[in-house]
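Thanks, everyone. Please have the sequence and the model up on your screens. I'll go through a few elements one at a time.

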Amino acid sequence: MKQVQANTETVRDTNSMTRFLNPLVRDMPPSGIRKYFDLASGNKEIISLGVGEPDFVTPWHVREAAVASLERGRTTYTPNAGLPELREAIAEYLYNQFEVKYEPKNEVMVTIGGSEAIDLALRAFICPGDEILVPEPTYIPYAPISTITGGVPVGIETFAKDNFKLTPEALRATLTPRSKVLILCYPSNPTGGIMTYDDLLPIAKIAEEHDLIVISDEIYAELTYGTRHVSIASLPGMKDRTILVSGFSKAFAMTGWRMGYACGHPDIIAAMLKIHQYTVMCAPVMGQVAAYEALTKGMDEKDRMIESYNQRRRLVVKGFREIGLECHEPQGAFYVFPSIASTGLSSDEFCERLLKEGKVATVAGHVFGLGGEGFIRCSYASSVAQLQEAIHRIDTFLNKLKSGA
């Protein structure tokens, strides 16, 4: 019988089209976030705190600029690196906002969202066996993309007691002769943690000492509360070894437009641009027109959205603490990362039961890597009414757990 089963399995493997797939792709797990979206899909009773997306619509004048470009028949390719006027606007914006100076002609490129910029940077740098250092908990795609390139993602655990900052001690302890790239995601998805100038200074020193390249994912740079975002590229000696990645999705409420950019040394941008031109050619012209409109005429709307997020941030942190869940105060992005360790449930069990019994969708912390277990990620990019109701439902669920029901 065992022999028959073995032969059957062999036949199945032969007939399966997965045998043609790159093993790195075949064995890649699906996004851990997708599970919770699928469970909540179609159920109107559920309040979702799981989506990392602004609840604002792209401002009308931005949409109108894209519509007008279509009406004028502006439907052609753009230069591979993006519209010159958009690259100039990006460079001016980064200098004015974060004191990082880039040359638009050869140090700025427009990408299909920040995600493509991260992919391009990793593919440009990584050789098989190179190590990519990633402070965790963090944005999920870094590790899978690193693996596809042949690299080895290495997580560096961060902790709530440190406000989820990367410490120089933790970074040094992780370094090996194969370490090549350090990925920073601050303000952080999922924790809302930030890194100040003083926090980044020793990290920059280590990067120089060990000749590391830094990919700085700054998609939430504008969403900081009480302090101004600091780019590691602005620190002495760091501009040339840093690829600054950002985009328009979060601060400008333009997720569906898929508009991002990468900035860095001309040699690095030229290498990334070669991959970009062979794969996607250029970002859509209508999206680039909209992005230019947002950067040049959308600051007031951006600021209003950020102030709204700040109000919701305070409401949610206060709410979680009042119902008995420890919650560090996030200083950036639009997420809170409360601890559910006191419930005795794993983060997966907590989220599944909260979804089914409490009708609130959140994301289990473990999917974000090391240090995520025992926490859940909640987005406060929802209406105040929904956030208040969600906190109430979570409180009811916690009381049910305490009663043993």
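Start at arginine 312. Leaving aside neighbours within four places in sequence, arginine 312 is in contact with Asp55, Phe56, Tyr380, Ala381, Ser382, Ser383, Val384 and Leu387. Keep in mind that this is a predicted model.

Is arginine 312 buried or exposed? Its relative accessibility is 5%, and buried means under 20%, so arginine 312 counts as buried.

Arginine 312 sits in helix H13. Just after H13 comes glycine 324, with a positive phi of about 100°.

Now helix H15, residues 384-403. Its 20 residues should span 28 Å at 1.5 Å a residue. The end C-alpha atoms of H15 are 29 Å apart, so that agrees too.

Which residues of H15 are buried? They are Leu387, Ala390, Ile391, Ile394, Phe397, Leu398 and Leu401. Look down the axis of H15: the buried residues fall within an arc of 125°, so they line one face of the helix. On the other side of H15, Ala385 and Ser403 are exposed.

What covers the buried residues of H15? The cover includes helices H13 (299-322) and H14 (347-358). It also includes strands S1 (47-48), S10 (360-361) and S12 (376-379). Just after H15, glycine 404 takes a positive phi of about 85°.

Next, H14 against H15. The two pack at an angle of about 110°, with their axes 10 Å apart. Angles of 65 to 115 degrees count as roughly perpendicular, so H14 and H15 are roughly perpendicular to each other. From H14, the contact uses Phe350, Arg353, Leu354, Glu357 and Gly358. From H15, it uses Arg393, Ile394, Phe397, Leu398, Lys400 and Leu401. By type, the residues of this contact divide into six nonpolar, one polar and four charged.

Last stop: valine 108, in strand S2, residues 108-112. Valine 108 has a relative accessible area of 1%, so it is buried. What does valine 108 touch? Not counting residues up to four places away in sequence, it touches Ala81, Arg87, Ile90, Ala91, Tyr102, Glu103, Ala262 and Cys263. Valine 108 and proline 266 are 158 residues apart in sequence. In space, C-alpha to C-alpha, valine 108 and proline 266 are 8.4 Å apart.

Notes
Residues numbered from 1 in each chain as written. Predicted model: local features only at pLDDT ≥ 70, side-chain atom pairs only at ≥ 80, totals over all residues. Heavy atoms only, no water. Helix = DSSP H or I, 4+ residues; strand = E, 2+ residues; numbered from the N terminus. Expected span 1.5 Å × (residues − 1). Buried < 20%, exposed > 50% of the residue type's maximum accessible area, 1.4 Å probe, protein only. Arc of directions from axis to C-beta. Contact = heavy atoms within 4.5 Å. Axes fitted to C-alpha atoms, helices over the stretch in contact; angles between N-to-C directions. Parallel < 35°, antiparallel > 145°, perpendicular 65-115°, else oblique. Nonpolar A, V, L, I, M, F, W, Y, C, P; charged D, E, K, R; others polar.
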